[in-house]
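Q: I am new to reading protein structures. Could you walk me through a few features, one at a time?

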Amino acid sequence: MRRFSLLLGALALSASASVAAEVAEPTPVVHLGVVTDGEAPRTEPIADRFRQEVRDLLEGEFEVEETLAVADWTVPGVRSAVDRLLDDPAIDVVLAAGFMASDEVCRRDTLSKPVIAPYVLDASIQGCPLSKGTSGQTTLVYATYPPSFVSDIRIFHSIVPFERLGVVSPAPRGGTADVVPARLAEAGTAVGAEIVSVAAGTDAATTLEAIPSDVDAVYFTPLVRLDDEAIRELAAGLIERRIPAFSGFSTRDVELGMLATNSPDADLGRLARRTALNLQRILLGEPAGTLP
């Protein structure tokens, strides 16, 4: 009889567990809008790593559905892609997965929904909002990098005492375009050099052509649109012109021929994990603007 009672108890528990499983609430679905600057082979592995970290961290807690908006490497194109996701009522959170996209969202006074911008190179140079270690803007959190432009050019200047430095960026800025040139000039003043802004071309040849012949050295912000072969061609062209080049991206560019960098290979794992954690905290109710 005792054995029979235990069996009945076990069956009852099993039935209760089955019923509980059947009535368990479904995993919440989160609609993540991802905007990229444009198609580029150098960024594909990075995007895959970010997706994997988000899936791993949120598995069982949230189901993430992704809407991708790919821009065309122009400021108007990036702006339009950001607008499209912000205006879409189905999108819950926006990930600005590109240097131009991160720059675009950080310069907006208001954002209609939470936005994560993991690619801010230098918050002060780019004019990003900053208040006590946070963006201070209710719906924005961004990640920035320790090696700032100012420290980069100080180090570069200690290696090569240039007087006129060309700074090559992916595209000219729109909107508050006057902010960056003014701050670049201030950074140049710190080392007694003139800063010349240069818009990168779509390939190595047009980028080399855009670099003035009278600069003493060249600083490259991340040119993720160009593949390794194009970076190698850029470096070779500058070596031929006897113009030293400094990479603001990674040691990979030095391996491809540039003179130096102050940026160790980006720890993509840490950056992707921080982005996934920020997304999780936002989904759990924390305002983006309070995240460090």
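A: Gladly! Let's begin with contacts: two residues are in contact when they have heavy atoms within 4.5 Å. Keep in mind that this is a predicted model.

Q: Which residues does Leu 140 touch, not counting residues up to four places away in sequence?

A: Leu 140 touches Val 105, Cys 106, Leu 111, Val 115, Ala 117, Pro 129, Ser 135, Ala 288 and Gly 289.

Q: Which residues touch the most other members in the largest nonpolar core?

A: A nonpolar core is a set of buried nonpolar residues joined through side-chain atoms. Here the largest one has 50 residues, and those touching the most other members are Val 35, Val 105, Leu 140, Tyr 142 and Leu 279. Several elements each supply at least two residues of this core, including strand 1 (29–36), helix 2 (44–58) and helix 11 (268–283). Another core, of 21 residues, lies apart from it, with Ala 204 and Leu 226 among its residues.

Q: Is Gln 137 buried or exposed?

A: Compare the relative accessible area with the cut-off: buried means under 20%. Gln 137 has 13% relative accessibility, so this residue counts as buried. Gln 137 sits in the loop between helix 5 (123–126) and strand 5 (140–144). Its contacts beyond four places in sequence include Arg 108, Pro 129 and Gly 289.

Q: And what about the surface: which residues make a nonpolar patch?

A: Ile 155, Ile 159 and Leu 259 make a nonpolar surface patch of about 240 Å². Ile 155 belongs to helix 6 (residues 149–159). With a relative accessible area of 33%, Ile 155 is partly exposed.

Notes. Residues numbered from 1 in each chain as written. Predicted model: local features only at pLDDT ≥ 70, side-chain atom pairs only at ≥ 80, totals over all residues. Heavy atoms only, no water. Patch = residues over 30% accessible without salt bridge, like charges linked within 9 Å, V, L, I, M, F, W, Y side chains within 5 Å. Areas by Shrake-Rupley, 256 points an atom, 1.4 Å probe, with all protein chains shown as cover. Salt bridge = Lys/Arg side-chain N within 4 Å of Asp/Glu carboxyl O. Helix = DSSP H or I, 4+ residues; strand = E, 2+ residues; numbered from the N terminus. Buried < 20%, exposed > 50% of the residue type's maximum accessible area, 1.4 Å probe, protein only. Core = buried A, V, L, I, M, F, W, Y, C linked by side-chain atoms within 4.5 Å.
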